Amino acid sequence: MKNKCVDCGNCCRETEMILSARDIERIENSDSKNVTIANFVKKTKDGLYQLKNIDGYCVFFDATTNLCKIYTVRPQGCRFYPLIYDSDKKICVLDQDCPRPELFYPNKQSHMKTCKKIVRFLEKQVLFTKL
Ligand code: SF4
Ligand code: SF4
């Protein structure tokens with residue numbers, strides 16, 4: 001959920017957002033109350049860390065305001081969204097669940113620039129911390 005789009009929240013529904021060790025540390029050390037790893041992190045069968053859902057939404061989604069409760073410390077993947085990495089095709093794609101990708105990625109250049117950052121993030125921060 002981005003500040004630019006207050007009426008949607010699709011990206012926070014049934015999230016499968018991957019977390020890096022840095023993401024987890026930043027969120028855990030934030031000012032948010034009652035944030036413990038057990039509350040928001042789950043491990044996938046591939047050994048990666050992922051955000052948990054409650055009642056169909058990310059644990060940090062506030063359904064009354066449609067906003068992210070930890071916006072300033074949200075995971076890196078939420079910052080890249082709606083650009084995501086398709087690991088089967090090995091390319092970055094705009095997620096079909098986002099109705100307004102052009103708000104964030106208006107042209108091919110912005111898409112390509114962030115794609116490089118996503119690949120670097122996955123290689124250096126996510127796969128590196130895989131358990
Ligand atoms: S951390 Fe925030 S932006 Fe990311 S999925 Fe959860 S509620 Fe949405
Ligand atoms: S799905 Fe797209 S338009 Fe909807 S809140 Fe997320 S980034 Fe914004």
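A salt bridge is taken here as a side-chain nitrogen of Lys or Arg that lies within 4 Å of a carboxyl oxygen of Asp or Glu. The views below show a predicted model.

**View 1. A salt bridge between Asp 23 and Arg 26 in helix α1**. The side chains of Asp 23 and Arg 26 meet with a nitrogen-to-oxygen distance of 2.8 Å, which falls within the 4 Å cut-off and therefore qualifies as a salt bridge. By this rule the count comes to 1 salt bridge. Asp 23 and Arg 26 both belong to helix α1, which covers residues 21–28, and because they are 3 residues apart, about one helical turn separates them. Asp 23 is buried, with a relative accessible area of 1%, whereas Arg 26, at 28% relative accessibility, counts as partly exposed. Side chains of opposite charge can pair when their charged atoms come close.

**View 2. The hairpin formed by strands β8 and β9**. Strand β8, residues 83–86, pairs with strand β9, residues 91–94, in the antiparallel sense, and the pairing extends over 4 bridges. Among the facing residues, Leu 83 stands opposite Leu 94 in β9, while the bridge partner of Asp 86 is Ile 91, also in β9. The hairpin has 4 residues between its two strands, and in this turn Lys 90 has a positive phi of about 60°.

**View 3. An open sheet of 3 strands**. The strands of this sheet follow the order β1-β3-β2, and their pairing is antiparallel. At the edges are β1, residues 18–19, and β2, residues 41–43, each of which pairs on one side only. Strand β3, residues 49–51, runs antiparallel to β2 and is joined to β2 by 3 bridges. Within this pairing, Val 41 has Leu 51 in β3 as its bridge partner. Strands of a sheet pair through backbone hydrogen bonds, either parallel or antiparallel.

Terms used:
Residues are numbered from 1 along each chain as its sequence is written. Chains are lettered from A and ligands numbered from 1 in the order in which they are written. This is a predicted model: local features need pLDDT of at least 70, side-chain atom pairs count only at pLDDT 80 or more; totals for chains, interfaces and linings use all residues. Side-chain values use heavy atoms; hydrogens and water are left out. Buried means under 20% relative accessible area, exposed over 50%, partly exposed in between (1.4 Å probe, protein chains only). Two strands pair if DSSP finds at least two bridges between them.
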